[in-house]
Amino acid sequence: LPADCFTSINWKSSLGKKILDALCETLRASRVGMKGKIDPGGYRRPRVELVRGGDGWVRHVENGILYVYDVTRCMFSRGNITEKIWIGSLDCSGEIVVDLFAGIGYFSLPYLVWARAKCVHACEWNPDAVEALKRGLAENGVSDRCIIHFGDCNEVRRLCTWYRFLFNRSRWLLLELLIESIWVYCHRVSVVGRRHAAL
């Protein structure tokens, strides 16, 4: 729910509790959260306040992959579905992938589940995202093919030498570069006016 709904003093009364109970029953939900803006810090944490439910851990299925994360500590980006489907269509059997800024596994999981990568080196510095990634790997049965490197990607990027390398950040487009015999796949889109421009 948006952060500015249900702000009346009446919501603090028994009437508010009854309406939240009815909302949960109608939607078959066990949790209700009030969504705020994304924290602009390095971890990009959501500002979510749970008003119903014990914890923020949720399970979300997208393109046949189960993502597990805490909505109060990690965000989920639905905007990358085209890239996730494309990655899943690749045949990466026998390949090693390095995913910088892996988050909760937006791209690591499609590489493992659908593209069948031999191994993914997932690099992430947010401890909450790492916990979510571990849970997602286990739920999808691919933990044995993923090595998580906890820390700043600027420190672990040396792993990229001779590997297929996936760099993902806030906006996306596939761009292939050949640099000293290393294939680099970068995802980035910049909005220029009303059209997208490849970088």
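Mentor: Let's start with a term: a residue is buried under 20% relative accessible area, exposed over 50%, and partly exposed in between, using a 1.4 Å probe and protein chains only. This is a predicted model, where local features need pLDDT of at least 70, side-chain atom pairs count only at pLDDT 80 or more, and totals for chains, interfaces and linings use all residues. Residues are numbered from 1 along each chain as its sequence is written, and side-chain values use heavy atoms, with hydrogens and water left out.

Trainee: So is Phe 101 buried or exposed?

Mentor: Phe 101 counts as buried because its relative accessibility is 19%. Its phi is also positive, near 60°, though Phe 101 isn't a glycine.

Trainee: Where does Phe 101 lie?

Mentor: Helices (H or I, at least four residues) and strands (E, at least two) are DSSP runs, numbered from the N terminus. Phe 101 lies in the loop between β5 (96-100) and α3 (108-113).

Trainee: And what about Asn 63?

Mentor: With 34% relative accessibility, Asn 63 counts as partly exposed. Asn 63 is not a glycine either, yet has a positive phi of about 55°. You'll find Asn 63 in the loop between β3 and β4 (65-70).

Trainee: Which strand gives the most to the lining of the largest pocket?

Mentor: A pocket is an open set of points on a 1 Å grid over the protein atoms alone, where a 1.4 Å probe fits, with protein on both sides within 12 Å along at least five of seven lines; lining residues have an atom within 4 Å of a point. Here, β1 gives the most, with four residues.
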